[in-house]
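Let's take a walk through this protein, one part at a time. Have a look at the model below before reading on.

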Amino acid sequence: MDGNGQPREWSVKKSTKLYQIKGWGEPYFRINDSGHVEVRPDPTVDRAIDLHDLTQQLAGRGLDLPLLIRFPNILQDRIRLLNECFESAIREYGYDGKYRGVFPVKVNQQRHLVDEIVESGRPWRFGLEAGSKPELLITLAAMEDEDGFIICNGYKDLAYLETALVAQRFDNTVVVVLERIEELELAFRASEKLGIRPCLGVRAKLSSKGMGRWKDSAGDRAKFGLTMSEIVHVVDELQKRDMLDCLKLLHFHLGSQVSSIIPVKNAMREASQIYVELMKMGCEMSFLDVGGGLAVDYDGSKTDFRGSMNYDLKEYAYDVVAGIQEACEKASVRPPTIVSESGRSIAAYQSVLVFDALGVDHVDFEDPPEPSKDDHRILDEFYETWKGIQPKNVQESWHDAQQALEEARSLFKFGYLGIRELARAEHLFWSCCERIRRSMRRLKYVPEELNAVEELLGAIYYCNFSLFQSAPDIWAMDHLFPFMPIHRLDEEPTVRARLADVTCDSDGIVDHFIDVEEVQHSLDLHPVKHGEPYLLGMFLGGAYQEILGDLHNLFGDTNAVHVRLEDYGYSVSNVIKGDAIDEVLRYLQYDPEEMVERVRKQAERALNQGRMTLAQLRTFMRHYEESLRGYTYLKGDA
Ligand SMILES: *Cc1c(COP(=O)(O)O)cnc(C)c1O
């Protein structure tokens with residue numbers, strides 16, 4: 001609105017800029033002419049799916065919100081892009097080796113997603129990485145074709161090692177990476193017992209560190225990896241047993257979301273040198289595995305801020321290839337097959353969480369009534385402050401309003417002010433804030449302390465999703481995901497709001513939002529129209545969030561679905577209904593049938609003693625039983 005309360009001219013273009021969708025969403029997400037977000041799952045063809053219409057179509061199939069929509073075409077495109085970037089770097093540098101990526105399944109172990117990756121990755125012989133025994137079991141079953149590629153990381157016991165070693169007799173290349181020195185003895189034991197010469201790798205603890213939240217994944221005190229002396233020990237032990245040919249791979253991992261390219265370059269230099277040295281010591285190496293860390297630009301700022309990245313896929317691939325090339329040429333050793341374990345960069349874009357706003361909490365701004373002669377003098381003073389607010393005295397008025405509120409509250413505590421008068425004082429305070437805010441807009445320079453006024457006046461939209469289930473990283477580490485409405489983008493958003501989730505945890509609130517310059521504490525939204533659902537999307541949450549999500553307040557998995565482009569439009573498959581309440585309860589050893597019996601007994605007692613009617617009993621039992629079978633989330637009334 002402008003100062004006179006008139007809606008301003010608004011356009012899709014303005015929304016595009018406001019929500020910075022070009023920065024974080026290209027080429028997969030944009031706003032169409034109807035003011036809806038549209039998804040272009042395969043940017044190589046000119047086809048789009050309207051996200052708002054799609055959500056309605058899916059609702060028609062009984063898929064209630066919140067709903068996680070996966071786009072396998074996006075996954076396929078990310079795999080294509082990563083491989084093509086490495087291919088083009090290899091071509092351009094005349095690198096005499098290949099690239100072979102793997103997907104670390106810990107990023108998203110959902111079966112349909114892993115199947116899609118294996119399928120989409122086949123043209124590039126893309127592989128999988130396991131970080132634990134359960135993940136090893138997944139990768140072995142998923143890579144059933146010939147010529148698969150599996151990297152085995154993580155803590156290993158004898159059963160893990162024996163399983164992996166025997167699997168080396170499949171048609172696949174299976175590399176067991178030693179992450180701790182203790183694993184060497186275990187590997188020797190397993191290999192002797194089974195009579196299999198192992199195919200091994202070592203994970204090096206580099207002195208180069210990553211940057212940002214996970215920088216400690218590398219460096220001298222990292223949890224995983226072998227120090228230089230341990231690597232030398234491994235080589236000596238292998239040599240003693242005439243097994244130097246068994247060491248095939250050198251691995252390092254800088255940590256996730258490495259937002260600057262500099263640490264990548266440094267790590268490449270160090271790792272390439274170790275690789276060359278291992279070759280010189282007689283190991284018949286064939287792979288250099290540069291781990292994960294390839295970032296996602298969540299805020300679209302293209303900077304080295306933690307939620308962004310100051311490089312792109314192409315630059316990453318070029319720097320990795322160039323780093324190895326240089327070291328190998330200098331030392332005249334055969335260049336390795338380059339392996340990378342990018343998880344976040346492949347999986348983040350493929351899903352969108354759509355949810356609805358259930359209600360809005362914002363402050364009421366009707367003009368306050370003029371105090372009468374009998375009213376307490378504090379109300380008089382407050383009223384005068386409110387009336388006198390102008391652009392030139394906003395700061396002073398802000399101080400006066402705060403002081404008057406404090407005084408009113410203290411008068412109340414000592415019994416000099418009744419509850420109705422206190423209520424009027426609070427109303428006056430909010431009215432002052434609103435006037436101050438309006439006056440602030442006419443100022444060229446707004447004093448810093450007045451930002452608090454905007455924040456105080458910010459609305460809260462109650463939204464039908466659980467942060468702890470669908471975006472746990474927001475809670476755990478203030479991670480930034482792009483949020484925005486998925487429709488009405490041709491209307492001006494006039495409300496600034498934070499998003500509260502449905503849990504009763506005060507941490508269940510989104511109050512950090514992406515911005516190119518600084519993190520914002522509220523999001524621009526539209527006033528909710530009565531009787532019309534207001535739909536929002538959380539984007540780029542396809543990596544890590546699904547499996548890290550928990551059952552806080554017993555909000556379970558959301559409904560999920562795959563939507564794929566087809567010649568005739570799109571197809572809907574792999575519909576996975578979210579958890580029902582009884583399923584969630586069973587995880588916690590409750591027996592829903594027994595629970596029904598227990599409450600029925602109490603209801604019967606109330607009926608017999610005349611405290612409850614038969615109709616009331618019926619209503620109660622119907623709700624209780626239907627709720628048990630139903631979705632854990634709320635059903636919007638709109
Ligand atoms: C987590 C992890 C990855 C994936 O990292 P991204 O930053 O998601 O690409 C790769 N390798 C190892 C060893 C990991 O622990």
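## Helices side by side

Axes here are lines fitted to C-alpha atoms, for helices over the stretch in contact, and angles run from 0 to 180 degrees between N-to-C directions. The helices (H or I, at least four residues) and strands (E, at least two) are DSSP runs, numbered from the N terminus. The crossing of α6 and α7 is left-handed, meaning that the near helix is turned anticlockwise from the far one by less than a right angle; clockwise would be right-handed.

Now for another pair: helix α4 (residues 72–93) and α11 have axes that come within 9 Å and cross at roughly 40 degrees. That's why α4 and α11 are oblique to each other. Their crossing is right-handed.

## How to read the model

This is a predicted model, where local features need pLDDT of at least 70 and side-chain atom pairs count only at pLDDT 80 or more, while totals for chains, interfaces and linings use all residues. Residues are numbered from 1 along each chain as its sequence is written, and side-chain values use heavy atoms, leaving out hydrogens and water.

## Around the ligand

Which residues come nearest to the ligand? Of the 17 around it (a heavy atom within 4 Å), they are K106, S256, E341, G343 and Y544. By class, this shell has three nonpolar, nine polar and five charged residues. Nonpolar covers Ala, Val, Leu, Ile, Met, Phe, Trp, Tyr, Cys and Pro; charged covers Asp, Glu, Lys and Arg; the others, Gly among them, are polar.

Zoom in on E341: an N or O atom in its side chain is 2.5 Å from a nitrogen atom of the ligand. Taken alone, the ligand exposes 390 Å², and the protein buries 92% of that (Shrake-Rupley method, 1.4 Å probe).

Most peptide bonds are trans, and most residues other than glycine have a negative phi. Still, the bond from E26 to P27 is cis, with omega near 0 degrees. P27 sits in the loop between α2 (21–25) and β1 (29–31). Another cis bond joins L65 and P66, with omega about -5 degrees.

K302 isn't a glycine, yet its phi is positive, about 55 degrees. You'll find K302 in the loop between β11 (287–289) and α11 (313–331).

Note on methods: A polar contact is a pair of N or O atoms within 3.5 Å; within protein, one must be able to donate a hydrogen and the other to accept it, and residues adjacent in sequence count only if both atoms are side-chain atoms. Angles under 35 degrees count as roughly parallel, over 145 as roughly antiparallel, 65 to 115 as roughly perpendicular and the rest as oblique.
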